Every structure is written in structure tokens, then in C-alpha cells.
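Trainee: Could you show me how to read a structure like this one? I would like to go feature by feature.

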Amino acid sequence: MLYSLFSTPVLLSLLGLAAVPILIHLINMMRHRRVQWAAMDFLLASYKKHRNWIWLKQLILMLMRVAAILLAVLMLAGVGCREDQFASFFGGRTTHHYVLLDDSFSMSERVGGAFAFDRALQVVKNIAQHTREGEGRQRFTLIRFSRAAASAAETASVPSAAKPASQEPGSDRTQRPAATNAQRANSPDAAVVADLNAEYVDSEFDERLEEVTRGLESSQLSVGPTPALQLVRQLLAEKGDENRLVYVVSDFRTNEWSNPTEQKKQLQELAEADAELHLISCVEQEQANLAITDLAPTNETRAAGVPLFVNVMVKNFGRTTARNVQIKVRSTFYDDPQGANPGEAPKQTDDLPPVLIEEIAPGDTALGRTQVFFPKSGVHVVEAELPADPVVADNHRYAVIDFPAAETVLLIDGDADARNLFYLSAAFQPGSRANTGVVVDPQPATFLNAATREQLAQYKAIFLCDVRRFDAPAIEALETYVQDGGGVAIYVGPNVNIQAYNGTLYRDGAGFFPLPLEKEGYLVAPLEQAEPDLQVEDHPVFAPLLGERNPLLQLVNVHQYLAAPAAWRPDPDSGVRVLARLRDRAPLVVEKSFGKGRVMAFLTTAAPIWNNWATGPSFVVVTLKLQSHLAGAGRDSTSYPVGSELPLALPAGKYQAEVTFVAPGANPEIPVVFVKPASAEKANAPEIFTSLGGSSLSRFQETARSGIYEAWPRTSDGAPDVRRFAVNVEPEEGRLDHVPPRELLTILEPLTPTVSDWQEYDTRNLDFLDLGGFRWSRYLFYVLIALLLGEQVMAYFTSYHPARANRQSS
Amino acid sequence: MPDSKRFVHPEAVKRIGRLELRARHVVEGFQSGMHRSPYFGQSVEFLQHREYAPGDDLRHVDWTVWAKQDRLVVKQYEEETNLRCVLLVDVSNSMQYGAGAMNKYEYASTVAASLAWLVLKQQDAVGVLAFDAKVRRKAPVRSRRGHLLSIIEALDAAKPSDKTAMYPILREAAESFPRRGMMVLISDLLADPEGTLKGLKLLRQRGHDVLVFHILDDDELDFPFSGPTRFEGLESDDHLNCNPRALREGYLAALNQFLERMRRDCAQNTIDYALIRTSEPLDAALAKFLSSRLGMHGR
């Protein structure tokens, strides 16, 4: 206690003042006056008689002076309002105000010209001001939801104590004392998490609070109160005896508080820890709000020069129907960044025709669709924007779409005449004027035996047609390819060795082939064509052909196929699904999810050998959809939630070990630049990694704003290879309906917190807060006064005060 | 040649000039004067009748008594004689203390000179004896006017030295001046009080009219010191480092006890005692004392 108190040189030097009376005494002993004195006998008699009493009085006087100086120094050092142990000694308790501030983006709701978050800040200031006027010692802790959530995520993601969290670059808290790794692994460090950590409310507190809250704004994160409540619970467990008031300053949205099981549990624990709970709502009436919940391209082939549909999903969080919702859509085409500085790649932004949604019922999500077109390959951006409403953050959404020059498909045909290759190639390239964006790369079956992981990764999909059998290296390469997110379509045929397929590809369900094969099956033509040979499920591949009016599938005839055992049924948990069956209910098209990718098995030929499908128009449609579907599994996710980590993996040796990230800033014209090192997890690893943001208290802020983020890795020769990331808000946070105070009280029963409106937290109305406390510094002051008075009295009685009147009379 | 003005202040003697130093007791002089003599003679003061004896001067026969009672008686008158005053001045080391205009030695010497002037002015005889442990200087008892210079010279030459030994000095004075007269002791009495009182009693037993001028400095009476002080004895090797504020009360108690004893014992032995501060104006102090004596004498 005293160590912390006197840790500053100033206080230590002040403490030295206590030695002044002793020094003065010693100096006086050395610098006494000499008097030649006649009446020594009387003096010696007096000295002999009073020696002990004189010494005692002198000692008491000196001790009183030392004590007075010590006390004054202690009060000057703030002991009067800083040390709980002293307060406890005097019977008083500190009053600690834990203010939990909701800074999720729903707090950015604009109400009557002001933001709910601004109201919340005003509430915080009013509480602080009221506590400063209160009696007793007051501590103040301010915790934002976002920081508590980031801290909780960090704690959960760092089980080992070895992570050097304090060495992370870009930390905005580097000036704080770094907690030990063990502490950080076990519990969040309040000193790092809290904006104000147990600060004493003194004359300088307003300045500190103003410094902290200046420029503070609601985040674009979707965070609930639970992490902050958990953090406070931990803090309460660590703190000693104190008077506790916990304030939750929030908007109490329905999605978080209508059934707050976890929150209720946390509040219950706080109440059991003798905390007085105050819930302060910063919103009044519910407002309508529209949010773009999704902006994503359709799962079609993406290639330069190929038009692509983009879906816009808009949700109506209000209680009235939204009509004539007009969505602005912009596409940004990025040209070759060669020679450009990070963030300054040449680009062209075009306003696309707005998407109009005529009507969105309350709670419903409506779909709008627009088409984008980029003439050149590259990583391009599409942005959608809703008209202004109470919450701005969810009115924007971004999508990054990678448009390669073309999507390459590996095609291996086991047919001696390459008939499958012919028909499939014809489907992918139906004519010179029609650009499907797909390029076929035909290879022999032996190609797979020597194919590397990187070689296969450049193919968006692999089509295997009537291949007799696969060697072990080929199977391993294919399985790795699918597990990494690739898509494989397998057509069987007369050359297929059933036993080999069952033994190597299916492997009793462990392989990537979806089902076992038993024998060749034959579908006898019916006497009357009442039922089509092919019956398909609702699936993206067959979606264009569905519908009673579409006769294309009825033209498909299958007369031979490879049949699965009659008793075979797909296991519901195996990820296997039958997408199409023959008239005799035998499965014809079966899909299996394998790793990140998927495999589609067609139990007949691609070429019109066992069927006539390739001769009909539906074959082209299904083949293109099949390619899109298979390639879609491997397409990178184009949207990241705000605050998440933007990972970047690069081939080792080909890129420089430093990557520049460009993030959107508060001012759109001024981006924020981060430079991150890229390193391999292990020596000689094939890839180096880096990232921006992440579940770290010091890094989550790096991606705390929605928008387009760019990574500018540079190859060894210095050429930029720009990657883009779309970071979007969590749309459900835009749900603005909140739980009214009375209802909240009912929900939280048997808890009895005070639930108030922000307007009630005016400084004039806060007398209901139990500031408690014990201003024992006042008692220190009284003791000091008593000491000084005592010193004066003692000094008076030990000194000589000539009385003129007496002298004159004598 | 002594500085006559060192110890005789014209302003002071002017103020006390109208006063008289009268012996309260019978003193033996050489000539007629204003003081009662143990010898009967011609005087205006009738004392008693005595039976006539052959040889008596017939001028003293009270014929009125013979006419009325038919017996011869002689009228006896109280003889008035001159005063023989001896000034005993303490010139020990302790007397050199003084924080004011004059130290105790200077003040005592001035008192002595002023009294000498007064005595001579009354045509009485005065002598001086300056002493510490021994008699340092001595001026014989004379009544001529020019004797004042001899007294001043004796006082001036007797610089303070050594410590006081009161009883031997007083005994020596008693033996040196066997004829009853006035003994004026001017001292701070900072010596063995038993010896001092014993000596004073001895003088009284020898029939002397004894006056004590107790000269003390303000500092000695008030002890106004503060701050750490080292007191070093003027007549001893004693010293004391102390905070005088703390000792003052005890010091004053001891001093007052001493003064009270002196005052009481002097009164018991019919010794005039006067405590005089060196800060007190000399003429005022003397005038006050002499006036009170005259008053007592008148009664």
C-alpha cells in the first residue's frame, strides 16, 4: 500500500519533511547560544527537578510535529482519498462505480438530432459529476462493451500463456503496464480493458474523463453486455470490501434482452456480490430501420467479361411495411496496381441502376438483384447503400468479387474416343460469341498421379469421365483437392471398374465418392412415356430446369447406369444427398460434401453413350450450373464481420515478408495504413502468414470499421499483388426494438435493479444513488488540526511568554 | 584619577538630594549630628531624670523638681551624633552580569556612590569595602566632602573577579568597624545564603544598622531566555545545555524561594532589605527606599 503511495520521488521527498523537526532539534543542539550566567544554582535546581518531565514534553512536542508533517504529507499524497485500507480502518468504505457502456452500432441510432451513444456519454458524465459531489471516496471504472468483448475473445483464444500479447504492433495501449502472460490467460486485465480503471474521483477526474470520452464514438461492432458483465464480475471478486454500483448504459435491444438468460445470470452474480444494479436506457421509442443483410454475387461462373448477378438482401426491422426501397449500387473496377502506392490503385467507380424493392413487410427480408460486369480480371468491389435512416452503419454493405480471366476446368476422359470430352467441352464453349468464362484443360488420367496440390488448386473444378480406376497418388491428390474446397464431378461409363471405385474411392464411406456401386443397371423404356426418366431434387444445379412448364428434362432418356446396392440409403449425417433419381428410383446424381469441397457423382455417362442427355439443350445448362456449383465451394469468402481477422497466406519465398494493409478511416478520404510482418509458422513452411485485426484487445480495432480493406503484399521483385476484403457489420444489430423498462424489470425478476431512462440521470436527480462511502480524509484533516492545536498548546506550555503587566507591577 | 561621573549620576543625586539617610538604630559618631548617640549630652531631646551625684554639672540640675519635691535630680538629654556608614559592595564575578545599560557591578557601585554622596552631604562619615571572596578595596570612614572621590576610586578599581564569600567578609567588616554604625550591603547575594544571613545577623548583633540592597538583573528575575542555550556559571565551572523555556518555571520558583527567604530573614533581624532591578532607575529606587525608611523612622 505504502509502496504504491510513495512510489513517486515527489512524495518520497515530501515524506522527508517529517525529519525536519528532528533536524531542527539536532541543529539547535549544535548551535546553542552561550550565556555567562550568575544564578546557576537556581537553574541547576530547576533542571534537576524537572529534567524527566522536560524531556518527556520535548519528546511529545517533537513527535507531534513529526506526526503533523507526516499527516499533512499523507493528505497531500492523496492518502485521504486513495487507500481503502485506511478507510476500512476508520470504518468507511470506498464507493466504486462500474459503468458499462454499450458502444455497439445500434447505439449509433439517431434520435431527435442526437445519437443514443451521445446520450450514453452524457449519462456517464452525469454519474461522474454526481459522484464527485458525493461524500466519501469514489472510484470510477468505465468499460466499453466492445473492449470487454475483444478481451473475452482474446482470453478464450489464448489458452497458453506463451503468447506475447504485449508485443503486438499497433497497440493503442502500449503505454499501459503490460500484464503478465499468465494473468492475461486467466482473466482479462482490467487496466488494459477498461477506459478508466478504478480511477479516484478527485479534482482531476473530470479532466481524465473528458480526455477518455473525447472523440469516443459508437463502434460498428455487434457486441452484447455479457462480456462486460463477466469482466465486472471478475473485478468484483478481486476487489475488497467496497460499496458497489454497477451501471449498464445501453439501448436494451430486444435481441439481447428479451430472453437474457446469460445476462440475467451475470446480473444475479453481481447482485450476490452486493452490487447495486442500475440499468439506464438511452433510447425512447422504437424507430423503423432497414438493413442490408447480405450483398453477394450469385453462385455463377465469375470471369472477366462475363456478367454476374449480385443479390442484395434488405431486412425491415421496423413495425411498418417499407415501400419503394431504393438501393444504390456501385461497382468499382480496379485496374492493374503496378507502380501504385498502397491504397492508390487506379480504379473506376460506376453507379449502377438502383435496385428498387417495392415492399418489405415488417420483419421480412427482401431480395433485390442487379448485374455487374467487369471487362478485365481482378478483385473488384460492389457496394450497396440504403437511404438514410436512424442507423447508418447497416445501410452500407460491401462485396469483393474475384474475377479471374477465366475459370479453368480439368477434364479427364477415360473413353478411348474422348466422347465425354467432346460433349463437355462443347457445353463449356458453346460458340465463339458466347463467353461462359470456363476454359477446359483436358488431361490424361495419368496426369493426376503426378499432380501437385498447387497444380490442382488452379482448377475451379475437375471433371472425371469414365475413368477406369485411379492410382493411389491420384486418389490422394483428388481428396486433398476436394478437402481444400475443390469440386469434382465424376461421370461413370463402361470403362469403370466397380470394385476399384468401391475399394479406393468409396472405401465404405471414408473416401470422397458418395456411394457404393454394385452393378450396371438398365432402365427399360416404358410402353407409355408417362413419367420422365430423370427426376431431380431442388438443387442449384437443376434449378433452371425445375418447374412443370419446363419440358427439357423430360427429353432426357437414360437406359444404362451404374446401380448402387438396393439397400443403400444415404446416411443423414454423412453429407451425402441424392439429387436426381431415375424412374426406377435408382440414384443417378449423388452429391457428397467432403472437407471444404464437394463431389458430384453422375452414375451414367456424360456423352450420349448410356443416355441421350448430351444431345439435348438441358445438358449445357446443367453442365454450366454444375461447374458453377462445384467451383462455388472453393470460392473464398468475400465478407468478414467487423472486428474479425483478415488473414493472408502467401507462398513462402515469392513474397516479401512485409505486407501493407490499407483500412478505411473515419474520413473516407484518409485511409489508415498498417504494416504487418509476414512469417511462417514453422521453418521451411511453404506459406507465410499475416493478418489484420483479430480477436485481440489491441488488434480488433484495426478492422472495427466496415468497408473495403486492401492487403498489398509485394512479390520478390516488388510487384504488388493486391487482395481485397469486404468487412461488413452484423445486420441483426440493426434491430432497434428494445425492451421497455417495466418489461425489463419483469424479465429480470427476481432481480430488482433500478431501470431508468437516460433523462432521469440528470445530475439534479441522482440523489437516489447510494454513494455511501466515508470521507475519512476529513477525519485525517481533523486529526491534523487536533495535532496542530495540540502542538501549539504543548509549545505554549513549554515556552516563556512575558507578561508586560506583571513585569510592570513587580 | 577616577571618573567621578561613572558612578555618580548628577541627575540621580539631584533627585535624592532632598532625602536623608537616617540611621534607624543608635549609632556611635564622633561629633554632634542628626543621629541618636548612645551617649547623653546637651540636646533638645529630653530623655530622663537621674538622681544628682556629686560632680554633676549643676547646669543640668532640674530646679523645678527640687522646688516641688525637695530632691536634686539631673535632667538627661539624648545626644545626637554623626553617622558612620560603611558601604559593603560586592564585586564578585556574578556582579558583572547585566544585559541592560548597566551590569550589576556598575549598578551596585552607582548605588554606593550615590549613598556616599548623600551621607557626606549630611556631614556624616562614610567608608567603602569592595569584596568578593576577599576584601579587594577599602576606603576609610571619613566625613569630609572630598572623601567621595576616594570612595569612587575604591569602587572603580575593584573590578569584578572571583566568587563571593559573604560570611568571612561580613565578619571581617564587623571586626573592622567595631563602633556601631550603618552597614549597607550592596550585592546580588548569589552566594551561600546561610553564610550571608549569618554574617548579616552578626552585624546586627554588633549593633549595626544594616541595610541590604539586593541587586538583580531583569534576566535573573524574569528569565526571558528562549532557544537552545548553554549557561555557563560566572563563579563556577558549572554549565548547562538546555531549552530555557522548559526550565523557566522551576528556575523562577527556586529564585523566588530564595528571595522570600532573604526578605523574611532580614525582616526578622530588623534589616532593611530592598530588591532592586538593574533596569529600575537608580534615583527612583533609592528615593523609594529612603522615603520608606524616613517614614519608618518617623514612627
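Mentor: Gladly! Let's begin with a pair of helices: H7(B) and H9(B) cross in the right-handed sense. A crossing is right-handed if the near helix is turned clockwise from the far one by less than a right angle, and left-handed if it is turned anticlockwise. Helices (H or I, at least four residues) and strands (E, at least two) are DSSP runs, numbered from the N terminus.

Mentor: Before going on, keep in mind that this is a predicted model, where local features need pLDDT of at least 70, side-chain atom pairs count only at pLDDT 80 or more, and totals for chains, interfaces and linings use all residues. Residues are numbered from 1 along each chain as its sequence is written, while chains are lettered from A and ligands numbered from 1 in the order in which they are written.

Trainee: How do I describe two packed helices?

Mentor: Two packed helices are described by the angle between their axes and the distance between the axes. Here, the axes of H7 (residues 193-205) and H9 (residues 244-268) of chain B come within 11 Å and cross at roughly 15 degrees. Axes are lines fitted to C-alpha atoms, for helices over the stretch in contact, and angles run from 0 to 180 degrees between N-to-C directions. H7(B) and H9(B) are therefore roughly parallel (under 35 degrees; over 145 is roughly antiparallel, 65 to 115 roughly perpendicular, and the rest oblique).

Trainee: Which residues of H7(B) and H9(B) meet?

Mentor: Pro193(B), Leu197(B) and Leu200(B) of H7(B) meet Phe258(B), Arg261(B), Met262(B), Asp265(B) and Cys266(B) of H9(B). Two residues are in contact if their C-beta atoms, placed from the backbone, lie within 7 Å. This helix contact has six nonpolar, no polar and two charged residues. Ala, Val, Leu, Ile, Met, Phe, Trp, Tyr, Cys and Pro count as nonpolar, Asp, Glu, Lys and Arg as charged, and the others, Gly among them, as polar.

Trainee: Now the loops. Is Leu189(B) buried or exposed?

Mentor: Count C-beta atoms, placed from the backbone: a residue is buried with 20 or more others within 10 Å of its own, exposed with 12 or fewer, and partly exposed in between. Leu189(B) is buried because 24 C-beta neighbours lie inside 10 Å. Its place is the loop between strand S7 (182-187) and H7 of chain B, and its phi is near 60 degrees, a positive value in a residue other than glycine.

Trainee: And where does Thr270(B) lie?

Mentor: Thr270(B) is in the loop between H9 and strand S11 (272-277) of chain B. With 11 C-beta neighbours inside 10 Å, Thr270(B) counts as exposed. Phi of Thr270(B) is near 55 degrees, again positive in a residue other than glycine.

Trainee: How many residues of chain A are in contact with chain B?

Mentor: There are 27 residues of chain A in contact with 32 of chain B. Helix H4(A) gives the largest share of chain A's side, twelve residues. Strands meet as well: S1(A) and strand S9 (residues 229-233) of chain B pair in the parallel sense over five bridges, where pairing needs at least two DSSP bridges. Gln36(A) stands opposite Glu232(B) there.
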